[in-house]
Amino acid sequence: MAGRKVEKMASIDAQLRLLAPGKVSEDDKLVEYDALLLDRFLDILQDLHGEDIRETVQECYELSAEYEGKHDPKILEELGKVLTSLDPGDSIVVTKSFSHMLNLGNLAEEVQIAYRRRIKLKKGDFADESSATTESDIEETFKRLVGQLNKSPEEVFDALKNQTVDLVLTAHPTQSVRRSLLQKHGRIRNCLTQLYAKDITPDDKQELDEALQREIQAAFRTDEIRRNPPTPQDEMRAGMSYFHETIWKGVPKFLRRVDTALKNIGINERVPYNAPLIQFSSWMGGDRDGIFLFHIWLTEECLPFWKPQGNSRSYKRCLLIS
């Protein structure tokens, strides 16, 4: 197994994309992202735990991928023998390695989605209706309402002013992903995004690659599990981290984009300050039932592309602030 090239060890999702090249666009870099992260991680794994552990992880990965394709019970049996032959210490390392590889695969997919969205925005290409609600930006959505659903700009503006998105933050007592690990994942995502910029210099690329390796190693060496149940004060700090790291920058950017999109459909008035599109609530310290939710309630006067759930006269939809 050791002779197999690491570059081919992309995730199963990435491998499936290669099996259907007609469905993969020219801007699809998921395979590159995924292979790079796995390559760097396996090198780090070998440095920390030796070549035998790296080979075991590769062998388990390859057997799993082979079983996914063939569903041969003999392959599953072989995989079981590899796992049961491990001593307790090695089994913990192998298990943690796969958990980390899944996280890296998710990060690669997030970067790929963001990359494709930017490309589509530049091209103005939103032909795929099944993904239009996630790929189109606010201005594109407003233009669809005006151009395809025959809504006037004034109707869109009035509907927008009469809705409020209420984001309710509540703690998750059993949440295993620690804030420090989420921060490291964010830095890995940023490094990966910058590595594939078109105007990057060789020196910048080398420095970013080194930074990527440091962050991958730091994430792998970070304990994923909360050893003690969080106190209400811990829940408060965790909730405030979303404001510090995302919301302070994301919400103003989102609101400016709404104003710009309105202007481009003929509305020269900004959304009034007394018509908050977004407001925040919190259950932290009070609700301890282990649920983390964004509750978003939109009134009946919402924009028409939001669909009601069942017979409810309210509308629900998740809002992504990036």
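I started with a definition: a salt bridge is a side-chain nitrogen of Lys or Arg within 4 Å of a carboxyl oxygen of Asp or Glu. I kept in mind that this is a predicted model.

**Entry: helix 8.** I looked up Asp158 and Lys161. Their side chains meet in a salt bridge, at 3.7 Å from N to O. Both sit in helix 8 (residues 153-161), 3 residues apart, so about one helical turn separates them. Asp158 is partly exposed, at 37% relative accessibility. Lys161 is partly exposed too, at 27%.

**Entry: helix 3.** Next I checked Lys70 and Glu66. They form a salt bridge, and their closest N and O atoms are 3.3 Å apart. Both lie in helix 3 (residues 51-70), 4 residues apart, about one turn. Lys70 is exposed, with a relative accessible area of 57%. Glu66 is partly exposed at 34%.

Entry: Is Arg144 buried or exposed? I found it buried, because its relative accessible area is 14% and buried means under 20%. Arg144 still has a salt bridge with Glu140, at 3.9 Å from N to O. Glu140 is partly exposed, at 22%. I also noted that Ile138, Thr141, Phe142, Arg144 and Leu145 are buried in helix 7 (residues 138-147). Seen down the helix axis, these buried residues fall within an arc of 155 degrees, so they line one face of helix 7.

**Entry: the whole model.** I noted 11 salt bridges in the structure. Asp39, Arg40 and Asp209 are linked in a network of salt bridges.

**Entry: surface charge.** Asp199, Asp203, Asp204, Glu207 and Glu210 form a negative surface patch. I placed Asp203 in helix 10 (residues 202-220). Asp203 is exposed, at 54% relative accessibility.

Key: Residues numbered from 1 in each chain as written. Predicted model: local features only at pLDDT ≥ 70, side-chain atom pairs only at ≥ 80, totals over all residues. Heavy atoms only, no water. Buried < 20%, exposed > 50% of the residue type's maximum accessible area, 1.4 Å probe, protein only. Helix = DSSP H or I, 4+ residues; strand = E, 2+ residues; numbered from the N terminus. Arc of directions from axis to C-beta. Patch = residues over 30% accessible without salt bridge, like charges linked within 9 Å, V, L, I, M, F, W, Y side chains within 5 Å. Areas by Shrake-Rupley, 256 points an atom, 1.4 Å probe, with all protein chains shown as cover. Lys, Arg positive; Asp, Glu negative; His and termini not counted. Charge placed at Lys NZ, Arg CZ, Asp CG, Glu CD.
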